[in-house]
Each structure stands twice: as C-alpha cells, then as structure tokens.
Amino acid sequence: MIPEAPFERTTAGLVPKGEGWFVLNAREARWQDSDFGPYTRFEGDGDARFKQIGINIGVLQPGQASCMYHREDEQEDFLVLSGECLLLVEGEERKLTAWDFVHCPAWTDHVFVGAGDGPCAILAIGGRIGGEIVYPESELAQRHAAGVAKETSDPKEAYAAYGKPTETKYREGWLPGPQS
C-alpha cells in the first residue's frame with residue numbers, strides 16, 4: 001500500500017514531506033511570489049518533489065508575464081481558471097479567458113501575459129523527464145517584457161535581471177470561487 005504523505009506547516013503554507021499520496025487545498029499550500037506573479041507547485045522538496053509531472057497554479061496581474069518566452073523538450077498544457085490573459089505562441093498573440101485550454105507539444109514557443117482588469121489564474125501541467133529549454137529572441141515577447149534580447153538555453157542568463165522567488169502565504173483574491 002502507498003502511504004499518505006505527511007505535511008509540514010511552514011509560514012508560507014503546507015508542504016508535503018516524503019513520498020505518498022495526499023490531498024491539499026491550493027489556498028492552504030505553500031506559495032511563492034516572484035517578478036512573474038505568485039504561484040504554488042503543490043509539491044515538497046527533495047523526495048517530495050514530483051519526478052515525472054510538474055503542476056502549478058500561477059496568478060498574473062494585467063501586463064505581467066508568467067515567465068520568459070521559451071520552448072522546451074516536454075509537452076505542456078494550460079487551463080485558464082479565471083480572468084484574462086494573452087498567449088504568445090509561435091510568434092502569434094491570442095486572447096484567452098476562463099476555461100480556455102492550451103496544448104503545447106514539445107518545442108512550442110510560448111508564454112502567458114496577464115490582461116484585462118484583474119488577476120488571471122492559470123493551471124499549468126508539464127512533463128519533467130527531459131530538461132532541455134531554449135529562450136528564443138522574439139520581438140513580440142520583448143514588446144510584452146517577456147522575451148530575452150539574445151537567444152539562450154541557459155535559464156540563469158534568461159532570468160538574470162529578475163529576483164528570486166520568495167515564500168508567501170496564499171492571499172485572498174488570487175484564486176476564483178468562494179474565499180476562505
């Protein structure tokens with residue numbers, strides 16, 4: 001039998017400790033805040049890190065990019081949970097709203113940018129078997145402050161101008177639905 005993973009309560013929320021199954025409400029999970037908005041990954045550290053699939057919920061304010069425009073060797077899928085955003089994909093711009101689903105096969109150039117007049121929550125799921133990534137030069141992404149000036153495959157170079165994420169508790173209004 002697979003045991004249930006225990007949780008550790010931190011100042012930023014609950015964190016699974018060790019392997020095992022668990023149930024965790026996103027509002028109670030450990031959150032991070034960054035130049036690319038707040039997000040939760042639901043996973044723990046070390047042995048409690050998800051080995052095959054990454055999953056997170058990110059929250060963007062209007063004009064805020066989710067990350068740097070990139071492509072990678074893993075499939076990624078996204079579901080807009082609330083609000084509005086722009087999808088920059090393969091040099092095109094698409095407006096998205098709640099319940100729009102985006103599928104990106106491996107090596108699809110993409111990034112999300114918050115839009116509208118309030119926060120946008122996006123569920124992201126992607127494979128973790130590979131690890132290759134490219135941040136291409138893109139005028140479209142640069143216009144949205146989501147692109148590198150020169151193509152690179154080094155995340156440290158792509159994110160050199162940005163601060164490191166900091167742990168934070170969930171804040172009311174980040175996620176849709178009844179508040180706690």
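Is His 144 buried or exposed? His 144 counts as buried, because its relative accessibility is 19% and buried means under 20% relative accessible area (exposed is over 50%, partly exposed is in between; 1.4 Å probe, protein chains only). Keep in mind that this is a predicted model, where local features need pLDDT of at least 70, side-chain atom pairs count only at pLDDT 80 or more, and totals for chains, interfaces and linings use all residues. Residues are numbered from 1 along each chain as its sequence is written, and side-chain values use heavy atoms, with hydrogens and water left out.

**Around His 144**
- You'll find His 144 in the loop between helix H1 (139-143) and helix H2 (155-158); helices (H or I, at least four residues) and strands (E, at least two) are DSSP runs, numbered from the N terminus.
- Setting aside neighbours within four places in sequence, His 144 is in contact with Gly 63, Leu 86, Leu 88, Glu 93 and Val 113, where contact means heavy atoms within 4.5 Å.

**Strand E8 and its partners**
- Strand E8 (residues 84-89) is mostly covered, with five of its six residues buried.
- E8 runs antiparallel to strand E9 (residues 92-97), and six bridges join them; two strands pair if DSSP finds at least two bridges between them.
- Look for Leu 88 here: its bridge partner in E9 is Glu 93.
- E8 and E9 make a hairpin with two residues between them, and Glu 90 in the turn has a positive phi of about 50°.
- E8 also pairs with strand E11 (residues 110-115), in the antiparallel sense over six bridges.
- In that pairing, Val 89 has His 110 as its bridge partner in E11.

**Aromatic pairs**
- A search of the whole structure turns up ten aromatic pairs; rings of Phe, Tyr and Trp (its six-membered ring) pair if their centres lie within 6.5 Å, and planes under 30 degrees apart count as stacked, over 60 as edge-to-face and the rest as tilted.
- One of them is Trp 31 with Tyr 170, a tilted pair at 5.6 Å centre to centre and 50° between the planes.
- That pair links distant parts of the chain: Trp 31 sits in strand E3 and Tyr 170 in the segment after strand E14 (166-168), 139 residues apart.
- Trp 31 counts as buried at 0% relative accessibility, and Tyr 170 is buried too, at 12%.
- Tyr 159 and Tyr 162 form an edge-to-face pair, 6.5 Å centre to centre with 65° between the planes.
- Tyr 159 is partly exposed at 23% relative accessible area, and Tyr 162 is partly exposed at 30%.
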